[in-house]
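Notebook open, structure loaded. I want to go through a few spots and jot down what turns up.

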Amino acid sequence: MTAAVPADVISRLKAVLGEGGWSDDPERLAPKLVEWRDRWSGTTPLLALPRSADQAAAVVGICAASGVAITPQGGNTGLVGGQIPQGEILLSLEKMRALRDLDPFDDVIVVEAGVTLAAVHEAALAADRMFPLSLASEGSATVGGLISTNAGGTAVLRYGTMRGLVLGIEAVLPNGEIWNGLKRLRKDNTGYDLKQLLIGAEGTLGVVTAASLKLYPVLASRAVAFVGLQSPQDAIRLLARAKAETGGALEAFELMGRRGIGLVLKNIEGQREPLAGEHPWYVLIETASGEPGAAEAAMERLLARALEDELIQDAAIAQTDAQAKAFWALRENQSSGQKREGAAWKHDVSVPVSRMADFIDEATRAIEAWAPGVRVVAFGHVGDGNVHYDVLAPVGGDPAVHAARRDEGSRIVHDIIARMDGSISAEHGLGTMKSAEALLYKSPVEIDALRAIRAALDPKRIMNPRVLF
Ligand SMILES: Cc1cc2nc3c(=O)[nH]c(=O)nc-3n(C[C@H](O)[C@H](O)[C@H](O)COP(=O)(O)OP(=O)(O)OC[C@H]3O[C@@H](n4cnc5c(N)ncnc54)[C@H](O)[C@@H]3O)c2cc1C
């Protein structure tokens, strides 16, 4: 818990924010102090709601002068606890939701940090453009949060993570100064890149207040297929073919196991079996192309040959938008489908794509030997080498006992990841959940350099002090 905030600091913050620009009403604060899985809850003496970068700068300036800590928060969809304050000032960007500019010639949209991802999609589409990042939390996740966690989502395979989609950033640095880095250049080779430091910084190097983001053309054809197959090894082989044979049209390639599909069908209303029979593993594939009909044709060719070669067991290509959405719902509900099954050890890990199947095999053997009866649910963005590797309690097992073994169980999984030259956090960040553990897997040389950068920008460590190194 962070030290108590002096009363005079609270008064000055209220004064610069003005009426409606702050709250200490417990009811107003309540939804911002718990996260959606109910794993973390927090406290704050004040919710700051700046309406502009200038107001955000005034808040950070007052806090910096007094050594008072701040936790920034966007849509509160982060999965590692970094947005939940423990006594710090909670700075929410929810009143900074302006669309500042959209230029189809520069293929750029400039938005304030509190704008949701869904609103970015809508604004881009209205101008006949597309912003490609897509994730299940897009109705709430904000541009500031997406940048600060370097979010990935389902189309990383083709468009990259936020690191590749942000052209410029406006931010309040930890000393309270505004950095206007809202460029919209595709090329800018002028030394260190401050924008890239802020991306993935999880609120530790300042408050992102606006960003310019890359837009893409809307593609004319799109196909979504659900495929049943025998093993993750076969999924990796199919992925290699899909990359080679679809002429660059491959956009998403998501793996799911039968257990995960079974839990979605059991626990989430309105879901249906995607294929006639059951299969040990599934992939959802999406292709998209600028040429009418090309995405569908590429998908049909790929699947017909894979069936002929017995690389896959069955496949269905969505014939309508509703069917495509139903396929995606099976993927997007993989986490929600586990909620009613009790405690789970969650891992968001990555390995080189070529090692993905080995990782799933080795980790599952090790975990099942160490904790007999546990239920592994592995799913995720396998095209990026990223898998969500969740371990549920045995059926009828005591959730408290399972939860108590989480740290030891996770160490087994993460040690395998480290041996395969992978990462213990592929897309959700470290937050308060994994910051200490990440130190075990980084070299002292890297940790020293990262700490030096933070200390140079934030010598009093006021920005999200419990997060990262
Ligand atoms: C159902 C579901 C599906 C998800 N799927 C994916 C997925 O596929 N890929 C993926 O990458 N993530 C996924 N996530 C995780 C989450 O949605 C992302 O991490 C998202 O980027 C968080 O955005 P947010 O606005 O909710 O940020 P928050 O949760 O509010 O904050 C996250 C972190 O960013 C910091 N922060 C927030 N705003 C700012 C700001 N303006 N300036 C500085 N720091 C800030 C916070 O302090 C915190 O450390 C998923 C989450 C859910 C609930």
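This is a predicted model: local features need pLDDT of at least 70, side-chain atom pairs count only at pLDDT 80 or more; totals for chains, interfaces and linings use all residues.

**Asparagine 76**

I started with a side chain: that of asparagine 76 reaches the backbone oxygen of proline 31 at 3.2 Å. I count a polar contact as a pair of N or O atoms within 3.5 Å; within protein, one must be able to donate a hydrogen and the other to accept it, and residues adjacent in sequence count only if both atoms are side-chain atoms. Residues are numbered from 1 along each chain as its sequence is written, and side-chain values use heavy atoms, with hydrogens and water left out.

Asparagine 76 sits in the loop between strand S3 (70–73) and strand S4 (89–92). Helices (H or I, at least four residues) and strands (E, at least two) are DSSP runs, numbered from the N terminus. I also found a polar contact of 2.9 Å between the side chains of asparagine 76 and glutamine 83. Is asparagine 76 buried or exposed? Its relative accessibility is 13%, so it counts as buried. My cut-offs: buried is under 20% relative accessible area, exposed over 50%, partly exposed in between (1.4 Å probe, protein chains only). Not counting residues up to four places away in sequence, asparagine 76 touches Pro31, Lys32, Val34, Glu35, Gln83 and Ile84. Contact here means heavy atoms within 4.5 Å.

**Helix H4 and what follows**

I listed the buried residues of helix H4 (residues 117–126): Leu117, Val120, His121, Ala123 and Ala124. Those residues pack against strand S5 (99–103), strand S6 (108–112), S7, helix H5 (143–148) and strand S10 (207–214). An α-helix has 3.6 residues a turn, so residues three or four places apart point the same way.

Most residues other than glycine have a negative phi. Aspartate 128 is in the loop between H4 and S7 and is exposed, with a relative accessible area of 52%.

I then looked up arginine 129, which lies in strand S7 (residues 129–130). Arginine 129 counts as buried at 19% relative accessibility. Its side chain makes a polar contact of 2.6 Å with the side chain of aspartate 107. Leaving aside neighbours within four places in sequence, I get contacts from arginine 129 to Pro104, Asp107, Ala124, Leu215, Tyr216 and Val218.

**Another positive phi**

Glutamate 202 is not a glycine, yet has a positive phi of about 55 degrees. I placed glutamate 202 in the loop between helix H8 (194–198) and S10. Glutamate 202 is buried, at a relative accessible area of 10%.

**Two helix pairs**

How do H1 and H3 pack? Helix H1 (residues 7–17) and helix H3 (residues 53–66) meet at an angle of about 165 degrees, with axes 9 Å apart. Axes are lines fitted to C-alpha atoms, for helices over the stretch in contact, and angles run from 0 to 180 degrees between N-to-C directions. H1 and H3 are therefore roughly antiparallel to each other (the label for angles over 145 degrees). I noted Val9, Arg12, Leu13, Val16 and Leu17 of H1 against Gln55, Ala58, Val59, Ile62, Cys63 and Ser66 of H3.

For the other pair, the axes of helix H13 (residues 356–370) and helix H15 (residues 406–419) come within 10 Å and cross at roughly 155 degrees. That makes H13 roughly antiparallel to H15. The H13 side of the contact is Phe359, Glu362, Ala363, Ala366, Ile367 and Trp370; H15 brings Glu408, Gly409, Ile412, Val413, Ile416, Ile417 and Arg419.

**Proline 292**

My last stop was proline 292, in the loop between strand S14 (281–289) and helix H11 (294–308). At 68% relative accessibility, proline 292 counts as exposed. Leaving aside neighbours within four places in sequence, I find proline 292 in contact with Ala220 and Ser221.

Conventions: Angles under 35 degrees count as roughly parallel, over 145 as roughly antiparallel, 65 to 115 as roughly perpendicular and the rest as oblique.
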